[in-house]
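Please look over the following structure with this briefing at hand. The notes take up a ligand site, a helix and a group of aromatic rings in turn.

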Amino acid sequence: MMNQLPTGDVKRNLRQEILAKRDLLPDDLRRAASLCICAHLKDIPEVTSAVTIAAFWPMRSEVDLRSLFNGWSDSGHQVGLPVMQPDNKLVFRKWSATCLMEEKQFGVMELPETCEQIIPDILLVPLVAFDQKGNRLGYGKGFYDRAIAELVSKQKIVTIGIAFAIQEVAALPVEAHDQPLDMIVTEAGIRRVKR
Ligand SMILES: Nc1nc2c(c(=O)[nH]1)N(C=O)[C@@H](CNc1ccc(C(=O)N[C@@H](CCC(=O)O)C(=O)O)cc1)CN2
Ligand SMILES: Nc1ncnc2c1ncn2[C@@H]1O[C@H](COP(=O)(O)OP(=O)(O)OP(=O)(O)O)[C@@H](O)[C@H]1O
């Protein structure tokens, strides 16, 4: 049957449903799955050969990639983390083991202004939901849609969605501004999206 709801409503409902499901994952399972996702990322040549990897500091019940940061940094990668700007854009600042994260708007932890801004060549994108075609849903503020659109207009970039397997949905509604992903990594494995 055709879905009669406007796209914005469908997205809002899916977001709520999947976030509730993600919040219910037990901590031990979340930790194990996060480590499994980290192990998969070590097997992706585009990641291991990247200069600058944009990751994220986990918020709420997201996948936790932090166990990779020291190793990446020690092996010569730059690790970037997102910082929200007043114009609803994202920039990425360089993480190091001595950085102290600061609590910013919506309780999000971010690197302070003293950390230099960097341009990522790999973007690990936190997901609320995804589908098999590589469409993604975030928290609904368009931060990553804008960031991906701006980065791809300037350089070649690889976008990798990061989520737990339970965050997959059959099909997400797609709007003109939605930026699809090149790959999705869950604890179940690495999926490359063909287009
Ligand atoms: N780890 C991580 N960092 C990230 C993101 C992310 O998805 N994951 N972001 C990806 O975008 C940006 C932060 N985006 C956010 C979007 C919404 C809310 C939030 O709390 N929204 C409230 C409504 C706030 C309001 O409208 O006043 C809510 O949903 O209840 C927080 C952060 C940048 N950093
Ligand atoms: N490139 C862009 N330029 C300006 N506005 C944009 C752009 N991309 C998305 N937006 C706006 O951001 C809002 C949120 O979009 P959407 O519901 O697709 O969010 P999302 O994909 O869940 O969020 P996010 O990208 O933060 O993960 C929409 O109102 C949309 O118009």
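Which elements each supply at least two residues of the shell around ligand 2? They are α1 (7-23), β9 and α5, where helices (H or I, at least four residues) and strands (E, at least two) are DSSP runs numbered from the N terminus. This is a predicted model, in which local features need pLDDT of at least 70 and side-chain atom pairs count only at pLDDT 80 or more, while totals for chains, interfaces and linings use all residues. Residues are numbered from 1 along each chain as its sequence is written, chains are lettered from A and ligands numbered from 1 in the order in which they are written, and side-chain values use heavy atoms, with hydrogens and water left out.

**The shell around ligand 2**

- Ligand 2 is surrounded by 15 residues, of which Lys11, Arg136, Gly138, Phe143 and His177 are the closest; a residue is counted as near if one of its heavy atoms lies within 4 Å.
- Helix α5 gives the most to this shell, with four residues.
- Sorted by class, the shell holds seven charged, four polar and four nonpolar residues.
- Oxygen atoms of ligand 2 lie 2.8 Å from a polar backbone atom of glycine 138 and 2.8 Å from a polar backbone atom of phenylalanine 143.
- An oxygen atom of ligand 2 is also 3.1 Å from an N or O atom in the side chain of aspartate 178.
- Of the 650 Å² of accessible area that ligand 2 has on its own, the protein covers 70% (Shrake-Rupley method, 1.4 Å probe).

**Helix α5**

- In helix α5 (residues 143-152), the buried residues are Phe143, Tyr144, Asp145, Ala147, Ile148 and Leu151, where buried means under 20% relative accessible area, exposed over 50%, and partly exposed in between (1.4 Å probe, protein chains only).
- The cover over these buried residues includes the strands β2 (78-84), β3 (90-95), β7 (122-126), β9 (136-137) and β10 (158-162).

**Aromatic rings**

- Three aromatic pairs are counted, with rings of Phe, Tyr and Trp (its six-membered ring) pairing if their centres lie within 6.5 Å, and planes under 30 degrees apart counting as stacked, over 60 as edge-to-face and the rest as tilted.
- The rings of tryptophan 57 and phenylalanine 69 are a tilted pair, because their planes stand at 50 degrees, with centres 6.4 Å apart.
- Phenylalanine 69 is buried, with a relative accessible area of 1%, whereas tryptophan 57, at 25% relative accessibility, counts as partly exposed.
- The rings of phenylalanine 69 and tryptophan 72 have centres 6.5 Å apart and planes at 20 degrees, so this pair is stacked.
- Trp57, Phe69, Trp72 and Trp95 form one aromatic cluster.

Definitions and conventions
Contact = heavy atoms within 4.5 Å. Polar contact = N/O pair within 3.5 Å; in protein donor to acceptor, adjacent residues only side chain to side chain. Nonpolar A, V, L, I, M, F, W, Y, C, P; charged D, E, K, R; others polar.
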